[in-house]
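Take a look at the protein shown below. Start with the whole fold, then move to its surface.

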Amino acid sequence: MAKTKAHTAYKLKDGTRVKGVTTILNNLGWNKNVLVAWARRTALAGEDPQAVLKEAGTIGTLAHYLCECDIKGEEADMDDYSAEQIEKAENAFLGYLEWKKMTNPKYEAIELKMVSEKYKIGGTADFIARINGALVLGDFKTSKGIYPEMTCQLAAYRKMYLEIQPKAKIESAMILKLDKNSGAFSHHFVGKSQLDWGWAVFKCCMELDKLHKEI
């Protein structure tokens, strides 16, 4: 398995390429102050912030892959990874296994790539599953925190999914945070009102993205 997740090209039915949800959010500098402060602390500690971010991304990609393999019933190929990367990704995976044991999710889709013809955006949802009878759209995260843009991301995914499956009833989403060090997990449910807020914000982000192109 490649150490970095391949960039997905999202295209409309006519072949026009469109931006992904995370690209639109990232380009607007969410948590910029937090990232700058973190980078300063990391550099003062004698580490290269870019290298640390790259390593974290690699571990996160592997953790996602382990979860995906478990859902598909496949054996993971980790030959391209270092022992430390595997250890931390497996810690996160242990958290996922504990969560799975507790919630017993019934998966309806994983790594679902979607493109909205209406809003001209693309995105990939980590999973859609029934949990306690309700259809939930979810995302695996190995970040240290839970941030507002994650709600916006899930809100956009929900809109895209409902465009594809208009009869589906998704009233909530979930962020499953998996700790790479302790192996603990925490799940954060995002209710309908939060998703409505996230979509309102994301629509503004799309407008800002369009205006930025005109500069």
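Predicted model: local features only at pLDDT ≥ 70, side-chain atom pairs only at ≥ 80, totals over all residues.

Begin with the secondary structure. The protein has six helices and seven strands. Trace them from the N terminus, and the order reads β-β-α-α-α-α-β-β-β-α-β-β-α.

Next, ask how the chain packs. Of the contacts between residues at least 6 apart in sequence, 63% join residues at least 24 apart. How much of the protein is buried? Of its 215 residues, 42% are buried.

Now turn to the surface. The protein exposes about 12,200 Å². Carbon and sulfur atoms supply 52% of that area.

Which residues form a patch of negative charge on the surface? They are Glu75, Asp77, Asp79 and Asp80. Find Glu75 in the loop between helix H3 (49-72) and helix H4 (83-103). Is Glu75 buried or exposed? Its relative accessibility is 77%. Exposed means over 50%, so Glu75 counts as exposed.

The other patch is nonpolar. Leu28, Leu208 and Leu211 make it, and it covers about 260 Å² of surface. Look for Leu208 in helix H6, which spans residues 192-213. The relative accessible area of Leu208 is 45%. Buried means under 20% and exposed means over 50%. Leu208 falls in between, so it is partly exposed.

Definitions and conventions: Residues numbered from 1 in each chain as written. Heavy atoms only, no water. Helix = DSSP H or I, 4+ residues; strand = E, 2+ residues; numbered from the N terminus. Buried < 20%, exposed > 50% of the residue type's maximum accessible area, 1.4 Å probe, protein only. Contact = heavy atoms within 4.5 Å. Areas by Shrake-Rupley, 256 points an atom, 1.4 Å probe, with all protein chains shown as cover. Patch = residues over 30% accessible without salt bridge, like charges linked within 9 Å, V, L, I, M, F, W, Y side chains within 5 Å. Salt bridge = Lys/Arg side-chain N within 4 Å of Asp/Glu carboxyl O. Lys, Arg positive; Asp, Glu negative; His and termini not counted. Charge placed at Lys NZ, Arg CZ, Asp CG, Glu CD.
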